[in-house]
Amino acid sequence: MLSFEGKTVLITGAAGGIGAETARILSGLGADLALCDLEGCDDLADELRDAGTSVVTAAFDIRDRAQAEAFIGAQPRLDAIVANAGFCPWDDWNDGDWDDTFDRVVDINLKGVINVMRPAIARMIAQKHGKAVLVASVAGRMGGLRASPHYVSAKGGVISMTKWMAAKAAPHGVNVNAVAPGATATVMVDSSNIDASSIPIGRMAKPEEIAKPIVFLCSGAASYMCGATMDVNGGVYMV
Ligand SMILES: NC(=O)c1ccc[n+]([C@@H]2O[C@H](COP(=O)([O-])OP(=O)(O)OC[C@H]3O[C@@H](n4cnc5c(N)ncnc54)[C@H](O)[C@@H]3O)[C@@H](O)[C@H]2O)c1
């Protein structure tokens, strides 16, 4: 049920904290991996190849639709995709250049996700199986701990889009779901000034604590999950 032997999983933002941990867990479960990130992820790929995993990599910006489609189309198999790449500036909407930042945040976190999901979902629908996991955020659920409105809006959009894609794909044997992490100890939160004592569990998540639910949603164990957003936030937001 949790084996990924013979399966290929594609991860965006794979060089980052949550993406890399997801890749490591999937590697341990036998998956072949297709990893991409803005500047590539060669160090991670070398590490996983040393562990015996088949890995292909690419360096591109997910805002580039043509490159996203080319990378997805180049994979001989695609059993699951994790749309994980994201960008979160901790700014103020009164900043002078904020309108430009808004466009960049929405382009990466929302349209960039569409750029990878559009070809992936089409392919999975055609092959009549697949799992897609979108990495949203608690910010899209409850407004965030410290996040700015561009990121909150984009991640709220990811949660809505998950439902839209899930309804479209489910009749064809494809499961689309999201994980909404709370504050997680990666470089993304380095300058966030998040007060971990305000989190009921009392600390930020470790990246692997977000990666495990992502891997579950990529697996055969999630066969009846459809359009769900799994909250993994240490109790900051409880539905
Ligand atoms: N860390 C947190 O507290 C937290 C909380 C909620 C949600 N998230 C989400 O989790 C996901 C992973 O974040 P993380 O915490 O691992 O952060 P991270 O900064 O460690 O990783 C994000 C990765 O995305 C890549 N990326 C950014 N823009 C890109 C682009 N335009 N094209 C291709 N790749 C790009 C970066 O290079 C980086 O490797 C993101 O979607 C983030 O929004 C993180």
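The legends below describe close-up views of a predicted model.

**View 1. Seven strands form an open sheet.**
The strand order is β3-β2-β1-β4-β5-β6-β7, and the pairing is parallel. β3 (55-59) and β7 (229-232) stand at the edges with a single partner strand each, so one side of each has no neighbour in the sheet. On average, neighbouring strands are turned by 15° against each other, direction ignored.

**View 2. Strands β4 and β5 pair in the parallel sense.**
β4 covers residues 80-83 and β5 covers residues 130-135. Four bridges make up the pairing. Alanine 80 stands opposite lysine 131, a residue of β5.

**View 3. Helix α6 packs on the sheet.**
The strands touched by α6 are β5, β6 (174-181) and β7. The direction of α6 makes about 165° with that of β6.

**View 4. Helix α2 lies across β2 and β3.**
This helix spans residues 42-50 and runs at about 180° to β3.

**View 5. The largest pocket has a volume of about 810 Å³.**
The pocket is lined by 41 residues, and the closest to its centre are Asn84, Ala85, Gly86, Phe87 and Met188. Two or more lining residues come from each of the elements α1 (17-28), β2 (32-37), α4 (98-127) and α6 (149-169).

**View 6. The lining of the largest pocket holds nonpolar, polar and charged residues.**
Of the lining residues, 23 are nonpolar, 12 are polar and six are charged. Helix α1 gives the most to this lining, with three residues.

How values were computed: Residues numbered from 1 in each chain as written. Predicted model: local features only at pLDDT ≥ 70, side-chain atom pairs only at ≥ 80, totals over all residues. Heavy atoms only, no water. 1 Å grid on protein atoms, 1.4 Å probe; cavity = no way out; pocket = protein on both sides within 12 Å on 5 of 7 lines; lining within 4 Å. Points joined across faces, edges and corners; volume = space filled by probe spheres on them. Nonpolar A, V, L, I, M, F, W, Y, C, P; charged D, E, K, R; others polar. Pairing = 2+ DSSP bridges. Axes fitted to C-alpha atoms, helices over the stretch in contact; angles between N-to-C directions. Contact = heavy atoms within 4.5 Å.
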